[in-house]
Amino acid sequence: MALQDFLVSVAETKVLQGFLYAALFVGIYKITNLALSFGAMLVDLFLLPPANFAKYGAKKGKWAVITGASDGIGKEYALQLAAKGLNVVLVSRTASKLETLADEIVAKYGVEAKYVAFDASTDAPENYTLLRDTVAELPVTVLINNVGQSHSIPVPFLETEEKELVDIITLNNTVTLKITQIVAPIITKTVADKSSKGLILTMGSFGGLLPTPYLATYSGSKAFLQQWSAALAGELKPQGVDVELIVSYLVTSAMSKIRRSSATIPNPKTFVKSALAGVGRRNGAQERFATSTPYWAHAFMHFGIENTVGVYSALANKLNLGMHKSIRARALKKAARNKTD
């Protein structure tokens, strides 16, 4: 009886009626927006055709610059861009690996390949001079910012060694920005005649998407790249250059120290294929400008976190802390066993 009286009083009160209608409208709007966003992600991931790199100068004599190109994800970017018909400039530390890869690319794909032995950890001026001299006269349309470093194992920030801290910021941020300042003006010059567009892809991470305790310096460096890349996208879009941050969860690589792939952890070949296919689409990063989470499992993870607990929530932070404390404990136990063997 009391409930019936309450409902009658609500029906007779215009203010409460207005509030309920507003709440209903907001609820319907949010559900509709979520459904449309999820549907857009499915279309991006599974229905749209792969990006056509002819618009970026593939098979037209144009060049791509790839950093961190000697191994893993960077090597795959070089191979797959060459397969699409772009000449490549390979940038990494070990000259012998780069020379071998360059020879393989020329023989297999019939494109040109140059390389620059560039030890990014030193941030030495001569590295940038050599890179500038190598690319100055090339019609570059694509830059892949793939060089980077994480912590050797998860570690509390207050226990992070100064060298590791400085190396992470140097490779992930300083070197990436300096290389972009060298290459991006060449891209804008190349595409000024409108015969092709430019493209700058920078590797991001779930560590930058979610604040990650025990990887605080790495997490902060990747979050910086998110903001910088989106800002650069706004600046260069009027000049015909697409700029995107590529967000990934774990990929089998030397950095992740994971060797076996799975549904949620692809190998570099599979991951890079998805990244290049999804250029121009947000995939799992539906709410972020100039950002893509291209691998399907990572996209579902990104979308799920963003639309449930939220990437900046206390719960996400706590779960991340627990996971990385556990990883650190296992790594320390393994190191202790190896030391005693």
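Q: Which residue stands opposite Val 65 in E4?
A: The model is a predicted one, where local features need pLDDT of at least 70, side-chain atom pairs count only at pLDDT 80 or more, and totals for chains, interfaces and linings use all residues. Residues are numbered from 1 along each chain as its sequence is written, and side-chain values use heavy atoms, with hydrogens and water left out. Strands (E, at least two residues) and helices (H or I, at least four) are DSSP runs numbered from the N terminus. In strand E4, the residue opposite Val 65 is Leu 143.

Q: In what order do the seven strands of the open sheet lie?
A: Strands count as paired if DSSP finds at least two bridges between them. The pairing in this sheet is parallel. The seven strands follow the order E3-E2-E1-E4-E5-E6-E7.

Q: Which are the edge strands?
A: An edge strand here pairs on one side only. This holds for residues 113–117 and residues 291–292. The edge strands are therefore E3 and E7.

Q: How many bridges join E4 and strand E5?
A: E4 spans residues 140–145, and E5 spans residues 198–203. Within this pair, Val 142 stands opposite Leu 199. The two strands run in the parallel sense, and the number of bridges is four.

Q: Which helix does the chain pass through in crossing from E4 to E5?
A: The β-α-β crossover is right-handed: with the strands pointing away from the viewer, the path from the first strand over the helix to the second runs clockwise. The helix in this crossover covers residues 162–190 and is H6.

Q: At about what angle to E4 does H6 run?
A: Angles run from 0 to 180 degrees between the N-to-C directions of axes, which are lines fitted to C-alpha atoms, for helices over the stretch in contact. H6 lies across E1, E4, E5 and E6. Its angle to E4 is about 160°.

Q: How many residues of E4 are buried?
A: Buried means under 20% relative accessible area, exposed over 50%, and partly exposed in between (1.4 Å probe, protein chains only). Strand E4 is mostly covered. Of its six residues, the number buried is six.

Q: Which residues touch the most other members of the largest nonpolar core?
A: A nonpolar core is a set of buried Ala, Val, Leu, Ile, Met, Phe, Trp, Tyr and Cys residues joined through side-chain atoms within 4.5 Å. The largest has 39 residues. Those touching the most other members are Phe 118, Val 140 and Ile 200.

Q: Which helix gives the most to this core?
A: Several elements, including E1, E4 and helix H8 (216–236), each supply at least two residues. The greatest contribution is eight residues, and it comes from H6.

Q: Which residues does Phe 118 touch, not counting residues up to four places away in sequence?
A: Contact means heavy atoms within 4.5 Å. On this basis, Phe 118 touches Val 91, Ser 92, Arg 93, Asn 127, Tyr 128, Leu 131, Val 175 and Ile 179.

Q: Is Asn 283 buried or exposed?
A: Asn 283 lies in the loop between helix H9 (268–277) and E7. The residue has a positive phi of about 55° although it is not a glycine. Because its relative accessibility is 2%, Asn 283 counts as buried.

Q: How far apart do the end C-alpha atoms of residues 20–47 lie?
A: The unreviewed UniProt entry annotates these residues as "transmembrane region". UniProt positions are given in the numbering used here, feature names are shortened, and annotations may be inferred rather than shown by experiment. The span is 100% helix and 0% strand, and its end C-alpha atoms are separated by 39 Å.
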